[in-house]
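We will go from stop to stop, selecting as we go.

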Amino acid sequence: LKKNGEDLKIKLTPTVDILNTIRPKTSACIIGFALELENQEYNAINKMKAKKLDFIILNTANKTRGFDVDTNQVTIFSKSGNKIKSKLDTKERIADFIWNKIIG
């Protein structure tokens, strides 16, 4: 596009809500992920309830965890009310932690 001094505007269309789409079609265990910056636990638990999830994994993100680093820390919430928090660890070990706590 040639510059003409006017602001450019991009129209965005929301994506389909995958979790809400598949929930009525399966009896499988449904797990969601949440990255929250404010009211983390409250927002994650509300998302789990609103989307009727079996579990939600709350990711944290800052300079030592989440994006652009190989470490993370997560908290797993279950619809039964359980809460399991991981230690700061490598993403590979976090994946094992999640798998073992939900499947194991």
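**Stop 1**

Select asparagine 39, in the loop between strand 1 and helix 2. Helices (H or I, at least four residues) and strands (E, at least two) are DSSP runs, numbered from the N terminus. This is a predicted model, where local features need pLDDT of at least 70 and side-chain atom pairs count only at pLDDT 80 or more, while totals for chains, interfaces and linings use all residues. Residues are numbered from 1 along each chain as its sequence is written, and side-chain values use heavy atoms, with hydrogens and water left out.

Check the backbone of asparagine 39: phi is near 45 degrees, a positive value in a residue other than glycine. Most residues other than glycine have a negative phi. Asparagine 39 counts as exposed, at 57% relative accessibility. The cut-offs: buried is under 20% relative accessible area, exposed is over 50%, and partly exposed lies in between (1.4 Å probe, protein chains only).

**Stop 2: a buried charge**

Stay in the loop between strand 1 and helix 2 and select glutamate 36. Is glutamate 36 buried or exposed? Glutamate 36 is buried, yet it has no salt bridge. A salt bridge needs a side-chain nitrogen of Lys or Arg within 4 Å of a carboxyl oxygen of Asp or Glu. The nearest side chain of opposite charge is lysine 47, 5.5 Å away. For charge, Lys and Arg count as positive and Asp and Glu as negative; His and the chain ends are not counted.

**Stop 3: strand 2**

Select residues 55-59, strand 2. It is largely enclosed by the rest of the structure, because 5 of its 5 residues are buried. Phe55, Ile57 and Asn59 lie on one side, Ile56 and Leu58 on the other. In a regular strand the side chains alternate between the two faces of the sheet.

Two strands pair if DSSP finds at least two bridges between them. Alanine 34 has leucine 58 as its bridge partner in strand 2. Trace the chain from strand 1 through helix 2 (residues 40-50) to strand 2: this β-α-β crossover is right-handed. That means clockwise from the first strand over the helix to the second, with the strands pointing away from the viewer.

**Stop 4**

Isoleucine 57 stands opposite isoleucine 76 in strand 4.

Select threonine 75, in strand 4 (residues 74-78). Threonine 75 counts as buried, at 4% relative accessibility. Beyond its neighbours within four places in sequence, threonine 75 has contacts including Ile57 and Ile84. Contact means heavy atoms within 4.5 Å.

Finish on strand 5 (residues 83-85), paired with strand 4 in the antiparallel sense over 3 bridges. Strand 4 and strand 5 form a hairpin with 4 residues between them. Zoom in on glycine 81 in the turn: its phi is positive, about 105 degrees.
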